[in-house]
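Subject: Structure for you to look at

Hello,

Here is the structure I said I would pass on. Please open it and keep it beside this email while you read my notes.

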Amino acid sequence: MTQIQTLMALFGVTPEDLKKLINIALSKGGSYADLYFEHSLANEISLRDGEVNSAGSHIDYGMGVRVLYGDQTGYAYTEITTMEEMERAAKVASQIASGFKGDNRIANTSIKTLYEYTNRNGYYPVLNQWEDLSISFKIPFLKELNATIFEADSRVSKVMGRISDSNTKILFFNSQGVMATDIRPMFSIVATCIMESGGRVENGSTSRSYRAGYEYLTKDMVREISKEVVSKTSFQFEAIHPKGGEMAVVMGAGSSGILLHEAIGHAFEADFNRQNTSIFADKLGKKICSEDISVVDDGTIPFNRGSLNIDDEGVPSQKTYMVKNGILTSYLHDRISASYYKTEPTGNGRRESFRYMPLPRMRATYMENGSQSEQDIISSVKSGIFADNFSNGQVQIGAGDFTFFVKSGYMIENGKLTQPVKDINIIGNGPEALADIVAVADNFRIDNATWSCGKEQYCAVSCGMPSVLVKKLTVGGVQ
């Protein structure tokens with residue numbers, strides 16, 4: 001059986017059923033309709049106080065129907081895929097989109113399989129399925145994580161670890177006759193370390209996440225994570241809270257890409273621009289930053305957490321340059337925004353699950369390499385901050401103003417890294433910060449942590465960048 005046949009059998013539908021549902025969805029009129037079927041199996045196992053203390057599995061299953069009628073969208077979903085329930089969802093979506101008006105009609109829908117991805121092709125081929133794995137296989141990895149972290153530093157007082165995995169099967173069909181399928185693996189391992197010394201308590205966390213089978217979970221990965229989380233936590237005992245003010249900031253390679261994602265990337269999503277709420281709404285084709293800067297959203301990186309063979313509208317994934325040599329060249333499009341801008345969708349139509357409509361969303365967002373070394377960039381700064389471990393933040397999409405929390409970094413004094421610093425806020429404006437990047441290093445790195453993006457709903461993403469120098473940002477520290 002082909003993957004399409006296997007997934008139609010899983011959801012209990014035939015090609016004739018799919019055509020019938022589309023006809024019902026368009027029965028009140030409308031320009032477009034689609035069906036999205038999803039089956040997801042997720043597992044999690046956790047360790048605390050030296051013992052595996054919880055484990056669980058969860059199955060999510062259902063389908064959603066979307067109908068477009070002019071500028072109106074109707075959406076309905078069901079967790080039961082009998083024809084009776086799916087027909088009811090299609091009728092509800094049709095009525096919502098048409099405003100309970102419209103003439104009854106019959107759509108002429110045919111099926112043409114344009115593309116099909118299987119788990120052994122595309123961007124995340126799997127050698128060993130998580131579904132075939134027993135819980136007993138995972139326990140030794142958590143035990144070793146716990147032991148390795150405790151052995152690394154006598155100040156360690158507590159370790160928490162978690163391994164999670166999932167496998168999601170997607171079937172998509174629309175009124176244009178496009179049918180597509182995907183099988184999406186995901187696994188994550190997370191470690192948190194707590195240390196105590198001299199009455200002080202510090203903590204640190206690190207993680208890895210990939211679209212891959214359990215061949216990716218190795219002892220080498222466990223040792224790498226253990227070493228990293230111990231280093232992050234012990235760093236906190238030496239770090240201080242710096243004085244605040246406006247200053248130059250060098251953002252280290254890797255996790256600082258989350259600032260790029262939040263403060264800039266969201267403003268490139270086409271729905272915000274179509275609604276004229278993004279500051280970049282009138283900047284397409286214009287120079288917005290240094291010609292040394294190219295910013296990419298990429299769904300094609302092998303095994304990356306943000307990668308997709310197809311998006312949640314059945315569009316093949318691709319690498320999209322949002323900024324190329326300083327010019328804003330493309331927004332991130334789903335089918336709706338692509339139609340509005342009279343362009344092709346970029347494979348960025350994403351949703352949290354079948355319970356949600358797709359929206360333009362990022363995948364793996366990063367800045368490409370520049371030509372300078374990180375050391376040369378640091379050496380050029382007389383006074384400033386080197387920030388290398390970003391975490392959460394807040395962003396206003398319209399104005400682009402942001403506040404980000406930096407877990408750790410260093411003072412830069414006379415071109416050298418000196419005093420470790422921690423727990424500081426970086427405050428600025430996304431478009432201004434992008435324009436104020438005056439140097440880009442050649443040390444690009446993707447951060448393969450468990451990043452998720454919230455925009456009315458949550459999606460797995462990743463981020464990265466080389467080290468860059470922003471000539472001025474506000475650093476919130478000790479006054």
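The sulfur of Cys453 has its closest cysteine sulfur in Cys459, 7.1 Å away, which is too far for a bond. A disulfide is a covalent bond between the sulfur atoms of two cysteines; here it is counted when the two sulfur atoms are within 2.5 Å. The structure holds 0 disulfides. Cys463 is in none either, as the nearest cysteine sulfur, that of Cys453, is 10 Å away. Cys453 is buried (under 20% relative accessible area, with exposed over 50% and partly exposed in between, using a 1.4 Å probe and protein chains only), at 1% relative accessibility. Cys463 is also buried, at 1%.

This is a predicted model: local features need pLDDT of at least 70, side-chain atom pairs count only at pLDDT 80 or more, and totals for chains, interfaces and linings use all residues. Residues are numbered from 1 along each chain as its sequence is written, and side-chain values use heavy atoms, without hydrogens and water.

Next, the nonpolar cores (sets of buried Ala, Val, Leu, Ile, Met, Phe, Trp, Tyr and Cys residues joined through side-chain atoms within 4.5 Å). The largest has 47 residues, and Phe268 and Met367 have the most contacts inside it. Beyond its neighbours within four places in sequence, Phe268 is in contact (heavy atoms within 4.5 Å) with residues including Phe280, Met322 and Leu434.

Last, Arg363 is buried, with a relative accessible area of 0%. A polar atom of its side chain lies 3.1 Å from the backbone oxygen of Gln318.

Regards

Definitions and conventions: A polar contact is a pair of N or O atoms within 3.5 Å; within protein, one must be able to donate a hydrogen and the other to accept it, and residues adjacent in sequence count only if both atoms are side-chain atoms.
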